[in-house]
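Dear colleague,

Please find below the structure that I am handing over to you. My notes on what was found in it follow directly after.

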Amino acid sequence: MSYTTFDRGVKIAPSILSADFANFGAECRAVEAQGAPWVHVDVMDGHFVPNLTFGPATVKALRPHIKGVMDVHLMIAPVDAYLPAYAEAGADVISAHYEAGPHIHRTLQAIRGLGCKAGLCLNPGTAIEPVAYLLDQVDLINVMGVNPGFGGQKFIRSQLEKIAALRQMIGAREIHIQIDGGVARDTIAEIRAAGADVFVAGNAVFSGGSVDKPQVYGDNIAALVAAAG
Ligand code: DX5
Ligand code: ZN
């Protein structure tokens, strides 16, 4: 476990969906060295979302390359049967989608039972009312800023209102609000103002850089933090 204490400060979580797939280990080390406290790992099954990435063996192989928080976003359905494999792979946070099955309460309980922080992901078209009945089961709520499946999409602005409503619902509870998709220098301030604290960023971190030009990642991360205000 690399997750230590809860805080609501701005945390940039680079999404390796935008990294060089042939060089994941070095990419994770590079973004960490450039100031990223979390690394976001997108698992897609080609069924729940129309794209396919990798499974638990790859996530396990990444673990030694991530000293900070390894944040695993499961875009898979069904999800329950695969949770032990991702916990075993060393995930600190495992997030599952509300839309991925009929028993999200059970799924969140199972994630915590495996010793991980439990994340609940909401697609852009999903309402927040059910979250009221899950507040005791979650450590993180991932508000999707785009329809999941691909990086580099435009931020869906209606999600700002959703974040603000969730922030109010959460109150003093130690629950992170994560935004995933469409985070950029020109959107992050409004998202921060609405109440998010973990900012997943694919294109906004990796564009222009590489493991040979890692300072670009550092500049991109610093620019996002500065723009968040
Ligand atoms: C989308 C993924 C995101 C994605 C974000 O399905 O869950 O993590 O990589 O990409 P950007 O930041 O480029 O919108
Ligand atoms: Zn994601």
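Thr-107 is buried, with a relative accessibility of 4%; buried means under 20% relative accessible area, exposed over 50% and partly exposed in between, with a 1.4 Å probe and protein chains only. Thr-107 belongs to helix H4 (residues 104-113); helices (H or I, at least four residues) and strands (E, at least two) are DSSP runs, numbered from the N terminus. The side chain of Thr-107 makes a polar contact of 2.6 Å with the side chain of Asp-80. A polar contact is a pair of N or O atoms within 3.5 Å; within protein, one must be able to donate a hydrogen and the other to accept it, and residues adjacent in sequence count only if both atoms are side-chain atoms.

Please note the conventions. This is a predicted model, in which local features need pLDDT of at least 70 and side-chain atom pairs count only at pLDDT 80 or more, while totals for chains, interfaces and linings use all residues. Residues are numbered from 1 along each chain as its sequence is written, chains are lettered from A and ligands numbered from 1 in the order in which they are written, and side-chain values use heavy atoms, with hydrogens and water left out.

The metal site comes next. His-40 (NE2), Asp-42 (OD), His-73 (ND1) and Asp-180 (OD) coordinate the zinc ion (ligand 2) at 2.1 to 2.3 Å. Donors are N, O and S atoms within 2.8 Å of the metal (3.2 Å for Na, K and Ca); water is not among the atoms, so sites may look incomplete. Along the chain, the donors of the zinc ion (ligand 2) have the spacing H-x1-D-x30-H-x106-D. Asp-42 is in strand E2 (residues 38-44) and His-73 in strand E3 (residues 69-75), so the pair ties together parts that are 31 residues apart in sequence. Asp-42 and His-73 are both buried.

Ligand 1 is surrounded by 20 residues, the closest being Ser-15, Asp-42, Gly-149, Asp-180 and Gly-202; a residue is counted if one of its heavy atoms lies within 4 Å.

- Asp-180, through a polar side-chain atom at 2.6 Å
- Gly-182, through a backbone N or O atom at 2.9 Å
- Gly-202, through a polar backbone atom at 2.7 Å

Of the 390 Å² of accessible area that ligand 1 has on its own, the protein covers 99%. Accessible areas come from the Shrake-Rupley method with a 1.4 Å probe; for residues, only the protein chains shown count as cover.

As for the cysteines, the whole structure was searched and zero disulfides were found, a disulfide being a pair of cysteine sulfur atoms within 2.5 Å. The sulfur of Cys-28 is too far for a bond, because the closest cysteine sulfur, in Cys-116, is 17 Å away. Cys-116 is likewise in no disulfide, and its nearest cysteine sulfur, that of Cys-121, is 14 Å away. Cys-28 is buried at 0% relative accessibility, and Cys-116 is buried at 7%.

Some backbone points remain. Ala-77 and Pro-78 are joined by a cis peptide bond with omega about -5°, and Pro-78 is in the loop between E3 and helix H3 (83-88). Ala-13, in strand E1 (residues 11-14), is buried at 0%; its C-alpha atom is 6.2 Å from that of Ala-36, 23 residues apart along the chain. Lys-67, in the loop between helix H2 (56-62) and E3, is exposed at 72%.

With kind regards
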